[in-house]
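Please look over the sequence and the model before reading on.

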Amino acid sequence: MILWTFWPKNLEEVNFRKKGVSLSPDKSGRRISNFKCETLPRQRRVRVTEKIKRTNKLKFETKAIHVGQAPEPATGAINVPIFQTSTYVQKSPGAHKGYEYSRTGNPTRTALEECLASLEEGKYGLAFASGMAAISTVLNLLKTGDQVVSCDDLYGGTYRIFEKVYRDYGLDFVYVEPTNPANFEKAITKKTKMIWLETPTNPLLKIVDLRAVAKIARKHKLISVMDNTFATPYFQKPLNLGIDIVVHSTTKFLGGHSDVIGGAIVTSNKKYYERMKFCQNAVGGVPGPMDCFLVLRGLKTLSVRMKEHEKNARKIALFLQRHPKVKKVLYPGLNSHPQHKLAAGQMDGFGAIISFVLKSNLAGTKRFLSKLKLFALAESLGGVESLAEHPAIMTHASLPKNVRDSLGISDSFIRISVGIENVEDLIEDLKSGFASV
Ligand code: P1T
């Protein structure tokens, strides 16, 4: 309501998010879709979005709720509608209101893309049907013969698309131990075009020095890409540390409720954006409007959820660290994490993913996981509910066994995503698991 009355009343024209695109009634009051234009309320609130984009002075929590999400001009609906349409009527061939076909663009998707871009403090956002569709689209920037230097610890599906899909198209991938930035520089050859990062990595939670690696990428004129799924822009903003492109699985914390699969790309580089936007339309891995709505809805509470996730995760990490049946705990927020200081220097919080190794074998680990009741045994992470999983058998099964063994993803290695339930209940649940080991 404050925003509704905040802007001058003489703003008649509604610039619908993109420059030159208008969803407002024209002067003759002709119909827009099924709505009679002359009955439309004054449209000035949509200006808020434009204003937000221009000033970009709002804080994270406010941007998550408002950027790209001005009330709908035809009805005043407070939420961005789910524009469940495949196509858009044109007045004459080529005369449209900025949308032609929903693979190319959809207003619910535009809202999400703008909001994501603002949260990552980038200029351009692109939304996808999954994290993997976003990752694939970034790889579309490359050509046969190009090489990517990446981390030796990555989400299993990212490793799989590198090795089992794009290697067949003539791309080459090399993997380095990522905690020493010099390892990236050493691996660069004439063929190298891209550096691909995760930090914290999945599932070993290694921390990569983003400033240092971004600098190396710039020096060698390489595209730097960073999967920010684990930290989220609430805790880490890679573009501000010099990274060119951020990717996300919005399925995770951004959506936040385990009810949608989605992905995103954010960049401030116009050239990369334009090519990826072209590929988004040409290849077509786009999210439906309902899914965009769900991610937008998740974003609104991202800051509140991340605080709670992290608060619980810190307590659980300490509990695990003290437990006699735990061999090792990996959580960047613990002083015992080898890169705790680096994490504290480039992140605003340590997230909610914890990995640990049981003092047990596969059978004992399976008993532990099967005994848990609140921690659901399931792939994925980042929802309000706590999840536990066994990377060697589940999320990282696509890594060859010798690679998993060399990394330490053993049979007794467990990854948990700490939810926002009451932490005492979560600890009781873990205790019941330990009783079975
Ligand atoms: O599942 P999808 O939305 O396609 O996202 C793929 C993806 C990309 N990047 C990271 C860092 C990820 O963790 C994922 C998906 N990860 C899991 C499903 C998991 O349980 O680790």
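## The ligand shell

By class, the residues of the shell around the ligand are four nonpolar, eleven polar and three charged. Here Ala, Val, Leu, Ile, Met, Phe, Trp, Tyr, Cys and Pro count as nonpolar, Asp, Glu, Lys and Arg as charged, and the others, Gly among them, as polar. The model is predicted: local features need pLDDT of at least 70, side-chain atom pairs count only at pLDDT 80 or more, and totals for chains, interfaces and linings use all residues. Residues are numbered from 1 along each chain as its sequence is written.

The ligand is surrounded by 18 residues, and the closest are Ser 130, Gly 131, Tyr 155, Ser 249 and Thr 251. Two helices, α5 (131-139) and α6 (156-165), each give the shell at least two residues. Helices (H or I, at least four residues) and strands (E, at least two) are DSSP runs, numbered from the N terminus. Because domain 2 (107-300) and domain 3 (302-434) both contribute residues to the shell, the ligand lies between them; the domain bounds come from an automatic or database domain assignment.

## Helix α5

Eight of the nine residues of α5 are buried, so the helix is largely enclosed by the rest of the structure. Buried means that 20 or more other C-beta atoms lie within 10 Å of a residue's own, exposed means 12 or fewer, and partly exposed is in between, with C-beta atoms placed from the backbone. Among the buried residues of α5 are Gly 131, Met 132 and Leu 139. The elements in the table are ones that the buried residues of α5 pack against.

| Element | Residues |
|---|---|
| β1 | 124-128 |
| β5 | 223-227 |
| β6 | 245-249 |
| β7 | 263-267 |
| α10 | 270-283 |

Buried residues make up 46% of the 437 residues in the protein chain.

## Gly 364

Gly 364 is part of helix α14 (residues 362-371). With 16 C-beta neighbours inside 10 Å, Gly 364 counts as partly exposed. Not counting residues up to four places away in sequence, Gly 364 touches Leu 358 and Val 437, where contact means C-beta atoms, placed from the backbone, within 7 Å. Gly 364 and Val 437 are 73 residues apart in sequence, yet 5.0 Å apart in space, C-alpha to C-alpha.

Terms used:
Near = placed C-beta within 6 Å. Contact = placed C-beta atoms within 7 Å.
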